[in-house]
Amino acid sequence: MGRGGDGRRGERQRPQARERSAGHRSEQRPSERARRTDAPRLAAYTAMREIADGAYANLALPKLLRDKRIGGRDAGFATELVYGATRLSGLYDAIIASAAGRPVDKIDANVLDTLRLGVHQLLGMRVPSHAAVDETVALARQVNGAGAAGFVNAVMRRISEREPGVWADLVTEGVSDPVERLALRTSHPVWIAKALRAALIGHGVAGPADVDASLTALLESDNAPAKVSLVARPGLASLDELEDAGAERSGLSPVGATLPEGDPGAIAAVRDGRAAVQDEGSQLLVLALAGAETEGDAARHERWLDLCAGPGGKAGLLASLAIERRVPFVANEISEHRADLVWQTLAAARVAAREADTSLKVRHGDGRDLGEVEPGGFSRVLIDAPCTGLGALRRRPEARWRRTAGDVAALAGLQRELLTSGIDATATGGLVGYATCSPHLNETRFVVADVLKRRDDIELVDARPFFVDAAGRQLPDLGEGPYVQLWPHVHGTDAMFFALLRKR
């Protein structure tokens, strides 16, 4: 599922001599090769099987690497294997089916995962062909059996005979619809590609004449590994501290940094909860909500709310900003487990709140009821609504294959109810920030428009002036307004949507 033939990291041109060597080596019988693969590849395979059973890559793989004590470059290799093979499995499955002469649903699922890992080494990484073939056959012998190893050897050998771009051309040559062809080439479900195309037009990023080029850039960006972004929670950690730990200041977020390499968990501020891993787009929308001016009753009695706080990333930043201003803060979460995660995430903030003699609470309850329970009780309300997550596909490699078009409709009612409740919980003159990590029009503009049609106590505020970079300049290419839509291929962030509303 991930990089298409043209979206892998760098072009790999093999010299003729190496091609001959690769072919010679790959023709060896499996019994003549190593019977066991190395630890990073075995961990990657184990993670792939856990993902197939419903696990999340960002949770399953780090635990495996810790348990197996795999670190450094080996951990990076295993991570790229799992994320790349998972993202690109749509394209890779088409290539595997062509090379195997049978559809992938006729291949054992365990063997198919072994092949996906091998194909990613051949077509998406800088692994020499002979090593990719030999190690994949060794992995198959170890985890799938000797019979499967022979089949894997034959398929891998056939795939190694063509370059990535040639394979992409081959498996897409019979697809006449340009969006469907692009979806296969970039390894996206067709419904997602079509939805993102509509979003690019609907958010004013592209017109009919140039939307296909923009869509290509967006889908390819979904297949590029996202950088590790950090946030220094104000009053709890500083950017200087993150720099001292090896991070680099963000040019995009005033409170952000990026980590070029290494484990963010090794940074003391991250371990302590004073800093965190957080996409810069998420940082920017929290800063926007905190930076806009409240009015009237809301300005006189500031109290902030994160209505859907789990697992606590945005709540951590919003809480630290509230504490700096001595403003009471409430984090609400419907799931008891996720409410516990929020409580843990806010550990450092809770200590700071006590020292500042201000209130910080984590509330376990349904956000749809809070407007009725505490009407007009808050001056700023963040609604980070549950969504399909189509804007964060580069960070969640399995998400594109688990979501369906039906999920959009299933979430629509919940998103509208949460926005309505958040407005009810807001005091006159207060602000509501509605956010999703999806640019889908049915989760963004249409939700806000539908709720506004039924109310006369809300006005839209142009959110764009509040999205400023580390130098204090307004970010470019935010859309037509008053909404803000961020994009990975434009801003380098997740595709975050943000609407700012004022209670009249």
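This is a guided tour of a predicted model, stop by stop, with what to select and what is there.

Local features need pLDDT of at least 70 and side-chain atom pairs count only at pLDDT 80 or more, while totals for chains, interfaces and linings use all residues. Residues are numbered from 1 along each chain as its sequence is written, and side-chain values use heavy atoms, with hydrogens and water left out.

**Stop 1: the helical core**

Select Val82, Ile96 and Ile159. Of the 51 residues in the largest nonpolar core, these three touch the most other members. A nonpolar core here is a set of buried Ala, Val, Leu, Ile, Met, Phe, Trp, Tyr and Cys residues joined through side-chain atoms within 4.5 Å. Buried means under 20% relative accessible area, exposed over 50%, and partly exposed in between (1.4 Å probe, protein chains only).

Now colour the elements that give two or more residues to this core: H2 (39-52), H3 (57-67), H4 (72-87), H5 (89-100), H6 (109-123), H7 (129-143), H8 (146-159) and H9 (164-172). Helices (H or I, at least four residues) and strands (E, at least two) are DSSP runs, numbered from the N terminus.

**Stop 2**

Zoom to Ile96. Leaving out residues up to four places away in sequence, Ile96 touches Val104, Ile107, Leu112, Leu115, Arg116, Val119, Val155 and Ile159. Contact means heavy atoms within 4.5 Å.

Show all of H5. Its buried residues are Ser89, Leu91, Tyr92, Asp93, Ile95, Ile96, Ala99 and Ala100. What covers them includes H4, H6, H8, H9, helix H10 (178-185) and helix H21 (399-402). Gly101 follows H5, with a positive phi near 70°.

Move to H8. This helix has 14 residues and reaches 20 Å from its first C-alpha to its last, close to the 20 Å expected at 1.5 Å a residue. The expected span is 1.5 Å times one less than the number of residues. Buried residues in H8 include Phe151, Val152, Asn153, Val155 and Ile159.

**Stop 3**

Select residues 203-504. In an unreviewed entry, UniProt annotates this range as "domain: SAM-dependent MTase RsmB/NOP-type". UniProt positions are in the numbering used here, feature names are shortened, and annotations may be inferred rather than shown by experiment. The range is 38% helix and 19% strand, with its end C-alpha atoms 26 Å apart.

Which residue does UniProt list for "active site"? It is Cys437, again from an unreviewed entry. Find Cys437 in the loop between strand E9 (426-436) and helix H23 (445-453). Cys437 counts as buried because its relative accessibility is 13%. Show its contacts beyond four places in sequence: Cys387, Gly389, Leu390, Gly391, Ala392, Arg396, Ala495 and Met496.

**Stop 4: rings**

Rings of Phe, Tyr and Trp (its six-membered ring) pair if their centres lie within 6.5 Å; planes under 30 degrees apart count as stacked, over 60 as edge-to-face and the rest as tilted. By this rule the count comes to 3 aromatic pairs. Select Tyr483 and Phe497. Their ring centres are 5.3 Å apart and their planes meet at 40°, so the pair is tilted. Tyr483 is in the loop between strand E10 (458-461) and strand E11 (484-485), and Phe497 is in strand E12 (residues 497-503), so the pair ties together parts that are 14 residues apart in sequence.

Tyr483 is buried, at 8% relative accessible area. Phe497 is buried too, at 0%.

Next, charges over rings. The test is NZ of Lys or CZ of Arg within 6 Å of the ring centre and within 35 degrees of the ring normal. Arg350 lies over the face of Trp343, 3.7 Å from the ring centre. Arg402 has its charged end over the ring of Tyr56, 5.2 Å from the centre.

**Stop 5: backbone checks**

Most residues other than glycine have a negative phi, and most peptide bonds are trans.

- Gly310 to Pro311: the peptide bond is cis, with omega near 0°. Pro311 is in the loop between strand E5 (304-306) and helix H17 (313-324).
- Gly481 to Pro482: this bond is cis, with omega about 0°. Pro482 is in the loop between E10 and E11.
- Arg69: phi is positive, near 55°. Arg69 is in the loop between H3 and H4, and counts as exposed at 80% relative accessibility.
- Asp357: phi is positive, about 55°. Asp357 is in the loop between helix H19 (347-355) and strand E7 (360-364), and counts as exposed at 73%.
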